[in-house]
Amino acid sequence: MLFNFLYGSHKNTSHEETEEPEERVDGQQTGEEEEDQDSGFLIPDINRDMPIDLMAGEDTVLLTGKLSFFDADRLVLKRLPRMMSLPVLDKDSSVRIRGYTRSMMPFNLNASVIQSCLTSCTLGELKLIPYQNSRSYLRQPVDVPGDLYRLNDSYLNSPQECQVLDIGVGGARVVSARSYPVGTQLRLGLELLEGSGYMTFPGQVVRVREKSDGRYEYGFLFAQLVKRKADSLERTIAEVQKKMKKTLAE
């Protein structure tokens, strides 16, 4: 998942390391995306302080890296701090690039592997996958355990384990093994950062997608939060962002 690199490492026994490319990032515009004059490629305004996932399909993360270089023709990821090495991908294999813009909006690109080694991965044939976002608030990507409770479980006696993939003051994206229909009212509980305190948010399932592993991904809309709770959540999200930025800068 997105933040597993903070705690784990990959092991590889083949392919020699090659020199990492010089760190330089092009395509940093002030808006969400800008069209390259030569290629007509729409360049997303990638957030350098967030890790980037390479995916096989929509659900399988192949590797997570840090942006090293990006223009209309090529994108290079390098290994993250504290990670021993990257898994090596087959040349010319097709992948999906998943990341966030500087405005914390998600973007996806289709791409092809040009070169892959233990320290970096170079991708070409970049093509932006259209994404429509109707949210009026931003979401912070995370990868933390949570609990879902029935709304009438006021004493939180019967938690159903879940995984929280992103969160904002308006709602969250959650994965669970249990099936809930659209419209189900639940309470989401989690500790976003160690020591930040366990918080619960009442809300409603507004979107369901069955994943390839048999679990379910939910769009969970919070009931309108009181200002005190919204402010507390925003402060904790800001701490998550600071921690991520510090980790990638090491």
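Biologist: Which residues have the most contacts inside the largest nonpolar core?

Modeller: In this predicted model, they are Leu54, Phe70, Leu75, Ile97 and Leu123, and the core has 29 residues. Strands E3 (52–56), E4 (60–70), E5 (75–78), E6, E7 and E8 (120–129) each supply at least two residues of this core, as does helix H1 (227–249). Apart from it lies another core, of 26 residues, including Ile167, Phe201, Val205 and Ala230.

Biologist: Nice! Which residues is Leu75 in contact with, leaving aside its neighbours within four places in sequence?

Modeller: Among them are Phe70, Ile97 and Leu123, along with Ile46, Leu67 and Leu109. As a general point, nonpolar side chains in soluble globular proteins tend to be buried together.

Biologist: What makes E6 and E7 a pair of strands?

Modeller: Pairing requires at least two bridges between the strands. E6 (residues 94–100) and E7 (residues 106–116) have seven bridges, in the antiparallel sense, so they meet that requirement. One of the bridges joins Tyr100 to Pro106 in E7.

Biologist: And in what order do the strands of the closed barrel run?

Modeller: The six strands go E3-E4-E5-E8-E7-E6, with antiparallel pairing. On average, neighbouring strands of this sheet are turned by 45° against each other, ignoring direction.

Definitions and conventions
Residues are numbered from 1 along each chain as its sequence is written. This is a predicted model: local features need pLDDT of at least 70, side-chain atom pairs count only at pLDDT 80 or more; totals for chains, interfaces and linings use all residues. Side-chain values use heavy atoms; hydrogens and water are left out. Helices (H or I, at least four residues) and strands (E, at least two) are DSSP runs, numbered from the N terminus. Axes are lines fitted to C-alpha atoms, for helices over the stretch in contact, and angles run from 0 to 180 degrees between N-to-C directions. A nonpolar core is a set of buried Ala, Val, Leu, Ile, Met, Phe, Trp, Tyr and Cys residues joined through side-chain atoms within 4.5 Å. Buried means under 20% relative accessible area, exposed over 50%, partly exposed in between (1.4 Å probe, protein chains only). Contact means heavy atoms within 4.5 Å.
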